[in-house]
Amino acid sequence: MTQSDPDRRTGSPAWRAAECAARESYGKLLALLAVRTNDVAAAEDALADAFASALAHWPVAGVPNSPDAWLLTAARRRLVDDARHRQSADRVHDAVAAELGPAIVEGADVSDMPDHRLALMFACTHPAIDAESRAPLMLQAVLGFDARRIAAAFIQSPAAMAQRLVRAKRKIRDARISMEIPELSELPDRLDAVLDAIYVAYTDGWGNPQDATMERQGLTAEAIRLARLVADLAPREPEPLGLLALLLYVDARRTAHRPATGGYIPLTEQDPAAWDDSLIDEAERLLDRAALARTIGRFQLEAAIQSVHAARRRSGVTDWAALVMLYDALWRRTGSDVVATNRAVARAAVDGPATGLADLDAIRAAGRVESYQPFWAARAEMLARLGDRTAAAEAYQRAIGLAADPEVRRFLLDRSQMPRPS
């Protein structure tokens, strides 16, 4: 690159255009490439090369009218070149080159192109793919997560996760797993991994402390779009409806959770008047539709929990006893320490902090929450309410040290200095 350093900065028009394309169109572009080649890794390499070319050319030639179409054309050319180099050894690549050869017309809009993301996601759920690799593979292929970010979400080492992802992509290529949406009769067996990946994507975006307005909103909006696609694909399946309802309940609280003026406000202290009534109403309708199937699943239970919280906008109070029952049902399904911690908070609201603290002690005895920040924040609050200032201060320090978000750290620091009963 010959352009000056300012042209390479993240604030340049070329960089912003590339960042926007990566955030909003990565999955759609990759799916368009991968569904033709049946090689996710090769499609990823071609798309990465296209983005590198864009950052080299756009600062000099200007950002094209349709950055997405430019990137897709560049990536297709890379795949065609690679296919031509190998075509004498593998006749399959002749067909690949013919399929990918036509260039995208300059000015085309990627929104007018076929959306193969669901086909790519369901390819990642094929029975030939290791079950533990399916959701991580979808996060990388459809949303562009790197192995480190995925490893953090699934509490695994980045090296192990990277190897797992490589093996899964190789399996798709070598087994020639078709990238198409399964028949309706096959959907129920393959939905769980798709829903898990969408949920992880949303929670990662919601809780990401960096670039709260751009990265978080872009990722959460993409997760909601994907959830809508799945719910439309299987309108009689209750769990996709439950997941979409869950995401809408949470998204309705965005501005109350993170005010424009800055800061962090936990759910129990938010002003319900700041919640988005239209999103909550839509979520309620979706949850009612899901209930008609009379088959309760994890995401319906999580959505029901959010519905109880949302009811505070009308009643002015939180039905903590109902939350305890819902968390009981959810924990029986998941065995999750996250669910158990939330249940302990609900129990403390119903039966007092001593009861909640005893539940937290039981969770800690299993030895899996030492690095789970909300556990320590909950423990600190219960200890403070019981008047144990020394133990509360220690727990607050653990929670503050584990909080990646500076706004959460500031909130916990302020909370730790609040006067408590003596």
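The largest nonpolar core holds 103 residues, of which L120, I198 and L243 touch the most other members. A nonpolar core here is a set of buried Ala, Val, Leu, Ile, Met, Phe, Trp, Tyr and Cys residues joined through side-chain atoms within 4.5 Å; buried means under 20% relative accessible area, exposed over 50%, and partly exposed in between (1.4 Å probe, protein chains only). Helix 10 (residues 187–207) supplies the largest share of this core, 12 residues. Apart from this core lies another one of 24 residues, including I363, A378, M382 and A399. In soluble globular proteins, nonpolar side chains tend to be buried together.

The model is predicted: local features need pLDDT of at least 70 and side-chain atom pairs count only at pLDDT 80 or more, while totals for chains, interfaces and linings use all residues. Residues are numbered from 1 along each chain as its sequence is written, and side-chain values use heavy atoms, with hydrogens and water left out.

Leaving aside residues up to four places away in sequence, L243 touches L195, I198, Y199, A227 and F299; contact means heavy atoms within 4.5 Å.

The protein chain has 22 helices and 0 strands. These are DSSP runs numbered from the N terminus (helices H or I, at least four residues; strands E, at least two). Of the 422 residues in the protein chain, 49% are buried. Among contacts between residues at least 6 apart in sequence, 66% join residues at least 24 apart. The accessible surface of the protein chain is about 20600 Å², with 51% belonging to carbon and sulfur atoms; the area comes from the Shrake-Rupley method with a 1.4 Å probe.

Helix 2 (residues 13–37) and helix 7 (residues 131–143) have axes that come within 7 Å and cross at roughly 100°. The two helices are therefore roughly perpendicular to each other, a term for angles of 65 to 115 degrees. Helix 2 contributes Y26, G27 and L30 to the contact, and helix 7 contributes Q140, A141, V142 and L143. These contact residues divide into 5 nonpolar, 2 polar and no charged, with Gly counted as polar.

Two arginines have a positive phi, as listed below. Most residues other than glycine have a negative phi.

Technical notes:
Axes fitted to C-alpha atoms, helices over the stretch in contact; angles between N-to-C directions. Parallel < 35°, antiparallel > 145°, perpendicular 65-115°, else oblique.
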